[in-house]
Amino acid sequence: MRNFIRNSCRRFLGESGAASVEIVIVFPIFFTVFVSAFELAMMNTRAVLLERATDIVVRDIRLNQGADYEYADIRDGICEMSFAIPGCVGAIKIEMTPVSSDTWGTLPMEVDCINRQESVDPIVNFTNGVENELMLVRVCAVIDPFFPTVGIGRTMPKDGTGGYIITASSAFVNEPD
C-alpha cells in the first residue's frame, strides 16, 4: 500500500502543469465570449418580444375603432404578450402622441423611459387623438442584464439603476367612427 501511495505521489508531482497554465489563460476568454453571447441573445429576444407585443396591441387599437384606450390598458396588453420582460408593468413606459399633418413631426430622439429610482409615477405623454389622426406609439423598457460585470453586460449603456434600455415603436391612424 505504501508503494502505491508513493508511486501515485511521484506521478502527480512529476507533472509539469503546462495544460493548467493554458486553461488559466484561455478559460476567461472563452467564458467572456460565452457570457456575452448569452447576454446579447437575451437582449435581442426581449427586444423582439417587446416589438411584437407593441405591434399586436397597436393592431388591436386599429381594429377597435372609436375605443378610447387608457394607458393601463395598453401597458397591460403589452406586458401580457412580452413575457420575457421581468416585472413588465413596472419596467415599461409608453408614449403615444399625434403627428401633425402640417409639420409631420416625429417623437424626439431622446427616449422617455421609466426611472426606477423614483417612487412616484410621472405624468406620461399619452394622447388618444381624434379621427383621421396619425398616432406614434413608443414603448421603452428598462431591463437588468444577467451578467452586469462581465463582457457585453459591462460595456452596454445603462441607466442609474444598472438596467439597459430597449425600445419599440409603431404607428396607426385613428379611423373615423
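**Salt bridges, core and surface of the predicted model**

Asp-76 is partly exposed, with a relative accessible area of 37% (buried means under 20% relative accessible area, exposed over 50%, partly exposed in between, with a 1.4 Å probe and protein chains only). The model is predicted: local features need pLDDT of at least 70, side-chain atom pairs count only at pLDDT 80 or more, and totals for chains, interfaces and linings use all residues. Residues are numbered from 1 along each chain as its sequence is written, and side-chain values use heavy atoms, without hydrogens and water.

Asp-76 forms a salt bridge with Arg-75, with 3.4 Å between the closest N and O atoms (a salt bridge is a side-chain nitrogen of Lys or Arg within 4 Å of a carboxyl oxygen of Asp or Glu). Arg-75 counts as buried because its relative accessibility is 19%. The structure holds two salt bridges. Another joins Arg-138 to Glu-95, the closest N and O atoms lying 3.1 Å apart. This pair links distant parts of the chain: Arg-138 sits in strand 2 and Glu-95 in strand 1, 43 residues apart. Arg-138 and Glu-95 are both buried.

The protein chain has five helices and three strands (DSSP runs, numbered from the N terminus: helices are H or I with at least four residues, strands E with at least two). Their order along the sequence is α-α-α-α-β-β-α-β. Of the 177 residues in the chain, 30% are buried.

The largest nonpolar core has 26 residues; Leu-50, Ile-74, Ile-78, Ile-92 and Ile-94 have the most contacts inside it (such a core is a set of buried Ala, Val, Leu, Ile, Met, Phe, Trp, Tyr and Cys residues joined through side-chain atoms within 4.5 Å). Elements giving two or more residues to this core include helix 2 (18-63), helix 3 and strand 1 (92-99).

Ser-82 lies in the loop between helix 3 (71-81) and helix 4 (88-91). Ser-82 counts as buried because its relative accessibility is 0%. Its side chain reaches the backbone oxygen of Ile-78 at 2.8 Å. Not counting residues up to four places away in sequence, Ser-82 touches Leu-49, Leu-50, Ala-53 and Cys-88 (contact means heavy atoms within 4.5 Å).

Phe-30 is found in helix 2. Phe-30 is exposed, with a relative accessible area of 59%.

Methods:
Polar contact = N/O pair within 3.5 Å; in protein donor to acceptor, adjacent residues only side chain to side chain.
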